[in-house]
Amino acid sequence: MTQQIEDRYFGVGHRTLIKPSSGWRSFDFREIWAYRDLLGLLAWRDISVRYKQSVAGFGWAVFQPLMTMVIFTIIFGKFAGLPSDGLPYPIFAYCALLPWNYFSQSLSGSSDSLVGSSYLITKVYFPRLILPLSRVTSGLVDFAVAFVILLAMMAWYRIAPTAGILLLPVFMLVAMVTALGAGLWLTALNVKYRDVKFVVPFLTQFWMYASPVAYSTSLVPERWRFLYGLNPMAGVIEGFRWALLGKSAPDFSMMVISLAAVCLILFTGLLYFKRMEKSFADIV
Amino acid sequence: MPVIRVDHLGKKYALGQVHGDLLSERLSNNLRRLFDRLGRGGDPSPRAYPLSPKEEFWALRDVSFEINQGEVVGIIGRNGAGKTTLLKILSRITEPTEGYAEIYGRVGSLLEVGTGFHPELTGRENVFLNGTILGMKRAEIRKKFDEIVAFAEVEKFIDTPVKRYSSGMYVRLAFAVAAHLEPEILLVDEVLAVGDAAFQKKCLGKMGEVAKEGRTVLFVSHNMGAVESLCEKAIYIDKGRVAAISSSEDVISRYVNDLSESSSVALRLRTDRIGNGRIRATGIGVHSNEAVSSKVIRVGESTSIAVDYEVQWEGKCDNVTIAIDIDDMVHNRIVTLWSKFNNEYFFNLKKRGKLICEIPELCLRSGSYFLNISIQENAVLSDYIRNACVLDVEYGKYYDSGMEPVGGQGFILQRFHWKME
C-alpha cells in the first residue's frame, strides 16, 4: 500500500500534470503520507535546533512549566485563593499547564511555519501542509519530557491516575488538532498579512485566560458553560485533570460542543489553507 | 518521446500584491468608504476610494515547447525575462495562471544549492535534511552518504555544525548533495554561479556526466560558455515569451545579437536599471585618444570612456564612485574599472557632467564587449545599468609580431619580455 502511494509520487516515469487549480480542491492526503520522511525530518530539526547550544537543553522543557506552576501557585493559589477542586494547587496547575504549553507552543509555531520557512517554499516543492504539521508534531517531545515530571509529582502527592488515562491520547489529539486548525488559519493569513505575528501572542494570552489553566471550570457559571465549551482547550484541560488526577468527569455536553468546535476549526482551516496554498510562493 | 510538454503556459502577477499588503490598509480603505457614504447621506459610490489599482504583469505568456528524453536544454535570456518563473512552474513551486505542463518522470529541481541547510546542524545532519528536502529517501541518502562527503571534500568536518564551515566548504557540501540526486528530469537554475573556479569546473563535469547518463536536464544559465558546451539545444526567453528554440549555437548568437541591439537604446530611456536614482547615467561614449577616427578603438590604444550623468535630487552628492564592468559577449567578467580601487572619489557633483575613465592602454583582445555602469554615492548604489553599451575593439598591432591571442590564449594582452640568463 505504502509502496503504491510512494510510486504514485516518486516512481519512475510517473506523470505530473501542472495546471492552474480552480476552486476549493480537496486535500491529497496520500501525498502527505508519501512525504512523511520530510515531515519527520523537519520536526526532528525543530527539536534538535531548539536546544542546541543551551546548557540546560531539554531541562527547559521542564523548567518552563515548573516555574509557571510556582508563580500560579503563589498568585492564584495563595494570594487569590482560587479553589482547586480539592486537589493540591501545584499539581492542579501543572496538570493543566502541560497540554496548555504544548498547545500554545504549537499554535505559535504553526502560525509562523510558512513565513518562517519562506526559504523552502520559494525554492522547492512539497505539500505545504507538512510545515504546520511538523510544528505541531515537534512540540510532542517537550510535552513528553514535562509529562515525566507530572508522573513524579503524582507519586509525591500519592495521586493514582484513573482508568481515564487511556483516553489521554484522545485529549492530546484534540489539543493537537485545535492547534493545527487554528495554526492553519493563522499561518495562511500570515503569508499575506504580517499583522498576524502581532496578534498571535495576544491571542494565546487571551486564550489561556479563557481556558481553565489557573482556575477550575466549576468557577464558570452553569449557563455560560455552553459558550465556554466552544473553546476546545477547556475540554482538553478538564479531561487531563479527570484522567490523571481523578477529578469529577468533565461535563459531557461541554465535551461534545468542544469536539464540534475542533472539527469546525480544522475543516475551515484546511479549506482556507488549501485555497491560499497556490499563492504562498508568490507572496510570502 | 517528449518527457516535458509545455502548452501555452502563462503566469500573471498582480504587481501591487507581490509583497503582500497590510490588513490595516484594506480596513482603513473600507472604513473611509463607509464614513464617506454616511457623510453623503447614504449615497453609495464605490468608486470614491478604490483599492489601489493592481497592475498586472505577465512574467510568462504563451510558452510552448517539448523536450525529449535525454536532451540537455539550456534556457537563456535577460534578467527578468521569465526563465526562473518557468523553472518554478515546472518544479511546482508556483502555479501557472493559464496553460499546462506535463512531465513524465521523477523531477529533481535545484533552484539553489543547500536549500534548508541549518547553520546549527552538523554537516552530516544537513546532508540528510537537504537530501530529504530535495526528494531523496532516507535509505537512498544513507547509501550515497560516503560518496557525497568525498565529493565535497569535507570528511574531517562532517560532524561540525555548518556555521563553522568556510563558505567554500558550505557550498561544496551543498552541491555534493544536489549532484547525487538521481531524478529522471533535472531542473537547474544558475546554481553553478557559486563556489570557486575549480569547484565550478567539477560541477560542470558532474553535469556533463548526468547528461551522458541519458537524463533530461533543463538548465538556466547566464554562462553562455557552459550552455554551449553542455547543451545541444537552447530556449531563448524574452519578455516572458519564447523568442527562439533551436540548437544552442544558433540561439546563443541570436541572443547576443539582441543584446547588442538593445544596448544601443539611449541610456536616458533605459528603464531596466537599479539603484536609488539620485545620480543617473544618461550617456556613455568610448573614444580613442590616438586614432584618426576616434570612433574605432584598436587593441592597445589609449582610450577614454566618458559617462554623462545627471543629479536627480536637490541635495549634495559627495563620496561618489563610479565603476565600469567590461564583460565579453557571453558575460564573462573581464575587468572592473572602479574608481574606488584608485581612491578616486568625487565630491560636490554638478547638476550635469561627465565622469571620464582614462585607460592608457586597452589590453583587451579584439572582439565585442558589454559595458555595465554603476554609480555609488556614499557607498549606496545610485544607478546600475547592465549592458549600457557595446564596445567593439578592432584588431591592432599590440605585440611586435602583430599576433593576437586567439581561442584559449587568454582574454587580455599584457606587456612582457622574455630574456635568457
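**Strands across two chains**

Guide: Start in E4(B), where the bridge partner of A:Thr16 is B:Ile103. The model is predicted: local features need pLDDT of at least 70, side-chain atom pairs count only at pLDDT 80 or more, and totals for chains, interfaces and linings use all residues. Residues are numbered from 1 along each chain as its sequence is written, with chains lettered from A and ligands numbered from 1 in the order in which they are written.

Visitor: How many residues of chain B are in contact with chain A?

Guide: Contact means C-beta atoms, placed from the backbone, within 7 Å. By that test, 42 residues of chain B touch 30 residues of chain A. E4(B), a strand (a DSSP run of E, at least two residues), gives the most to this side of chain B, with 6 residues.

Visitor: Which other strand of chain B supplies at least two residues there?

Guide: Strand E5 (107–110) does. Helices H1 (23–39), H2 (83–90) and H3 (123–133) of chain B do too; helices are DSSP runs of H or I, at least four residues, numbered from the N terminus like strands.

Visitor: Why are E11 and E16 of chain B called edge strands?

Guide: Their open sheet has the order E11-E13-E16, with antiparallel pairing. E11 (279–288) and E16 (352–359) each pair on one side only.

Visitor: How do you know that E11(B) pairs with E13(B)?

Guide: E11(B) and E13(B) (residues 303–311) share 9 antiparallel bridges. At least two are needed, so they pair. In E13(B), B:Val307 stands opposite B:Ile284.

How values were computed: Two residues are in contact if their C-beta atoms, placed from the backbone, lie within 7 Å.
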